[in-house]
Amino acid sequence: MQRFFTLLCCLFFLFINANAQQTFPVNGPTDPRHITYAITNVRLYVNYKTVVDPATILVRDGLILEAGAGVTVPSDAVVYDYKGKSIYPSLIELVSDYGQPELKRPQGNFEDPQLLTNTKGAYDWNQAVKAEVDAYRSFVADTKKAEEWRKLGFGTVLSTQRDGVVRGTAACVLLGDGEEHELILRDRAAAAYSFDKGISTQDYPSSLMGSIALLRQTWYDARWYKEGGNKKEYNITLESFNRNLELPQWFEAGDKQNELRVARIGKEFGVNFLIKGSGDEYERAAELKAAGCRLIVPVAFPDAYDLSDPYDALGISLHQLRHWELAPGNAATLAQQGIEFALTSSDLKNRGDFWKNIRKAIARGLSEEQALKALTATPASFLGLSDKVGALRKGMLANFLVTSKGLFEKDNAILENWVKGKRYQFVDPQLSDLRGNYTVRIANGNSLRLKVGGEAAAPEWYLYDDTSAIKAAASRLGQQINFSFEAKKREPKGLYRFTGLAEKSAFSGNVLLPSGEWSAWTATLDSAFVPVAKTDSAKKEAPVTATVRYPNMAYGWKELPKATTVLFRNATVWTNESDGILKNADVLISDGKIRQVGSGIKAPEGAEVVDATGMHLTAGIIDEHSHIAVSGSVNEGTQSSSAEVRIGDVLDADDVQIYRQLAGGVTASHLLHGSANPIGGQTQLIKLRWGRSPEELKFENWPGYIKFALGENVKQSHWGDKQVIRYPQTRMGVEQVYSDYFTRAREYDQAMNAWSKGDPKLRSGIPPRRDLELDALAEILNGKRFITCHSYVQSEINMLMHVADSFGFKMNTFTHILEGYKVADKMKAHGVRGVSSFSDWWAYKYEVYEAIPYNGAIMQKLGLTVGFNSDDPEMARRLNQEAAKAVLYGGVSEEEAWKFVTLNPAKMLRVDDRVGSIKVGKDADLVLWTDHPMSIYAKPSRTYVDGTCYFDLKRDQSLREEIRTERARLTQQQADAKGRGENVQKPSMNAQVIKHCVEEEIHHFE
C-alpha cells in the first residue's frame, strides 16, 4: 500500500510538471523535485545491433542518465524490477499528418479556369507551391491519436501538411500527451515535396509532367531570387524555399518509377532526397540502388483477391497477382541491394496490421536487426536526430518500449512506451503471471473449474459450465480482478459476476450470483499453465515461387536480353537504300549494329544462324506520332503554352503497349504531348527496349522536339458545356500566341546570351531569370529544337509557316496534315522536313471533312518526305498494313510505301543516319516477317532493337502458356488465403465491363 501511495504521488507531480512549461506562470503549488527512475534486470537493446543483458536504465527529466550493465542505482530512485522483460528504442514514423488540421478543398464554383493563385499576399504564383508553410506552427497534440501510435510502439513522428507540390517544412514531434511546447522535438525537421498538387483549385499543373516542370521551375526561380532577384521583388515563398534547402529533403513520390523521377530531379539540383515509395521498389531495385536513393517504404501489403467470379478474375492483371505474392519481400530485397531505407506504417488500411506485416516481411527474408534499424536508427539518421532518438544511450531522450518478449515475436506484448521519460503503461510488467488451472469454490457449495491461458500480458479466462468451456469477460487492475460468465447448464443458471484479489497462486473475493445474492469465493491453483501447440487444420501458406520479371508483368523477362551475333540467311531484304529489295540475301548483325549485307556471308564463331528462306527482313517500323508509355496524362492543357513540360520526364517503362507494338514490328516511337494547347510539351523519341528502365528507353543523342497544335482542339471547340475562357478561343488567337511567345523567347535569348558574355550594359548585376518555357522556344529559334505540329486545314498550315518565316526558322514536321494535298507545294517551298499523316482517317470532326485517302500519295509525288503514323496504340501494331494503303490509294510503289513507316519517319526525326534502313553501320533495329511485310497475313517472327531480340513469336506462344499456368497457381493461392480467413478484396472493375474488355494477358494481340 505504501508503494502504491508513493507511485500515485509521483504520477501527480509528473502531471503538474507536464502542464507547467518553464516560460509559463505557475498557478498553485508545484513540486520541483526531479525523480530518477531505474529499470533493472532487463534485456536492453541499446540500438539495432547492440544488446546488453542484464542491464539497467536510469531516467530523469526526460533523458537517459545511464544505460547498460553495471549501472549504479541512486538511493533515491524509483525502481522497477522488470526481470525477463526487454527494452527497445521507441519507433520513429516518417510519414504522418499527426497533429495537423484536416485539409479541405475550398468550396465554391470552380468552373472558370484559375490561372494564378488566389492566395492574398506576396506568395508564389502557384497555389501548389507552399514553401512558407511550417507544420510546427499548426501542430496541435491529439491525445487519442497519440495513444493509438504509442500502443503500436511509436514515440516520435514526422508531422507534415501533406498538401501541394512544395509542402513547406515538417515538424518532428513526440507522441506524448503534454503541451505542444514540450512535444516539438524539432520545429523544422525536413522540407517536404510531392507530385500531387493537393487541394489547390488552380488549373496548373494538371499532369505529372506539369508537376515536375513546376517543381524544376520553382527550384530555378529560388536560385535566381537568391542570386539577386530579391532586389526586384519580394517573394515569401521563394525566401522560404531557399531557407528550407538547409534541411533534409523529404519527397512523397508514389511508385517505383516516380522514385526514379525524384532521383533525376535530385541529381539536377544536387539533392539526395528521402523518398517515400509505395512498396513496389523490388521491381526496380537495381536502378534505385544505382540512383543512390534513400527510401521510406510502407509495410502495407495488398489483400488477396476474391476471384470466385471468373469474369471478375479477368479484371485482375498478372502484375497485380504477382505483387500480392512478392510485396512482403520488398524490404528484404532492398536490404540485399544495400539500399538505405526506413519502414513506415503509412498506407495501411488498418494500423492494427502493422506488426503482422512486419513479421511477414521478416518471414520473407528481412532480418530482425534490419527491421529494427529501419524503424529506429535509420529514420533518426535521415532527420539528423541520431543524438536524440533511435537508440538508448546516455544523454538521449528516454523514448523506449518495455516488451514482454522479443519485439518481433508473434506473442509479444508492448507493456509500456516511455516518451521523453514519461511512462505510458498498457500492461503492468510487474504483475504476476496468473495463468494456470484452478478450482473455484463458492461459499454456497458450488465449485467449478477455471483456466487462465493465452499470453501473460493479455490472459484469456475460461470457466467450465459442466464440461463446456465458456470464455469469461475479464479485467485486471493491479491485483484487482473481475470476471463474469453466464452458466446455462449448472444451477442456478444465469450470470455469475466475480470480483476479488489475486495473491500469487490463490484468488479470493465475492461473487454476485444469478439469484442476486452475494457469496464469498476462493480459487486454488491445481496445475501450472502449459501452452498447447495449436493444430492448424487450414491450408498453410504456399511458398513464394514467383520471381521478379522485367517488367514484373505478363511477357516480362526473367533476365533482360542482350545483343547477340546473328546471321540471317536467304531472306528477302528490304534495304530502303539504293540496293532496293534484295532476294535471297544475308545480313549479319553483332554488338547492336548491322555488320554485313550481301550474299554468302560467313557466320562468325558463336553466331546464331537464322534460316530466313521465304521470309522478309526489314528495318524496324518507326511510329512518328504516338502516345504510349506515358504516365499521368499526355496533356498539360491548362495554359496556352506548356513548352516547359517534358514527355521524357514521365516515361512508363511498364506499359504493355511497348511489347504489343514490338509484336507489330515497331522498334521506335516518337512520344508526343497532346494537342490541348497551341504550344505543347517537349517530346521524346524512344526505342522499344521492353523491360529496360525509363531512362534506358530514350533514343541516345537525339535532337530535341516539341509538339505544337492547330485547329479545334487548341481553341477548345469540343471541351463540353463547361464555360471555357482560356486563351486562345479563335484561330486568330492561336496565331497571336505563336507571335507573342516567339517574340518573348527572342528577347529572353538575347538577354541570356548577353549575360553569359558579361555584357556591361547589364548594370544591375541581377542575372536574367531562367525560364524553362522560354528555354525550349529559344532552342527552336537557334535550330536546336524542332517542331512537330498537329494540323488539319490549309489556312492554319500556311499561317504557321508564315510565323516560322518571320522568326527565321523552318517547320520540321506537320502531323495529321489531312489537307496537306492542298498546300504540298507551299510546304515544299518553305522547306518542311516531312509530313506525317494518317492513311485513311477522315470525317471524325468538322476540320477533317475534306481529307482524302490519296493525301499521302499526292504529297509524296510533289517531293515531300511522307510518313504514316498511328496516334493510336492499336493502329501502331498494324502500321505495316497502313503503309500498304499508299499502294492502294495513289499507286505508290511498294518500296516507297514501306519507307512511309521506316526511313521517312527517321528522316523527319533526324535519325536516318542511324535507323530506318538496312545499311552497314546502322543500328540493328530489324524485323523478320513471316510474309510480305505489307500483307495482312504477315507477322513479325522476331523484332530486334540494337541487335537484341525483344520479341520472338515462338517465345510469345510459350509465354502465353506460362502465363495461364501462373495465373492458375496464383488464383489458387488467393482462394487458399481466403480459406485461411485472410482479408480479401473484390476486383474493382464491374464484371459486365470486363466481359467486353481485352485482358492483357489472355487475349494479347490475337
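**A walk through the predicted chain**

Let's start with charge: the protein chain carries 122 positive and 126 negative side chains, and the centres of the two sets lie 2 Å apart. Here Lys and Arg count as positive and Asp and Glu as negative, with His and the chain ends not counted; each charge is placed at NZ of Lys, CZ of Arg, CG of Asp or CD of Glu. Keep in mind that this is a predicted model, where local features need pLDDT of at least 70, side-chain atom pairs count only at pLDDT 80 or more, and totals for chains, interfaces and linings use all residues. Residues are numbered from 1 along each chain as its sequence is written, and side-chain values use heavy atoms, leaving out hydrogens and water.

Now for the overall picture. The C-alpha atoms fill a box of roughly 110 × 70 × 60 Å along the principal axes. Inside it you'll find 26 helices and 44 strands, which are DSSP runs (helices H or I, at least four residues; strands E, at least two) numbered from the N terminus. Of the 1006 residues, 55% are buried, where buried means under 20% relative accessible area, exposed over 50%, and partly exposed in between (1.4 Å probe, protein chains only). If you take contacts (heavy atoms within 4.5 Å) between residues at least 6 apart in sequence, 68% join residues at least 24 apart.

After the helix comes G758, with a positive phi near 70°.

The peptide bond from D53 to P54 is cis, with omega near 0°, and P54 sits in strand β2 (residues 51–60). Another cis bond runs from Y204 to P205, with omega near -5°; P205 lies in the loop between β9 (184–194) and α5 (208–226).

Then there are positive phi values in residues other than glycine. N41 has one of about 60° and belongs to strand β1 (residues 36–45). Y555 has one near 70°, in the loop between β26 (518–528) and β27 (566–574). N41 counts as partly exposed because its relative accessibility is 33%, while Y555, at 2%, counts as buried.
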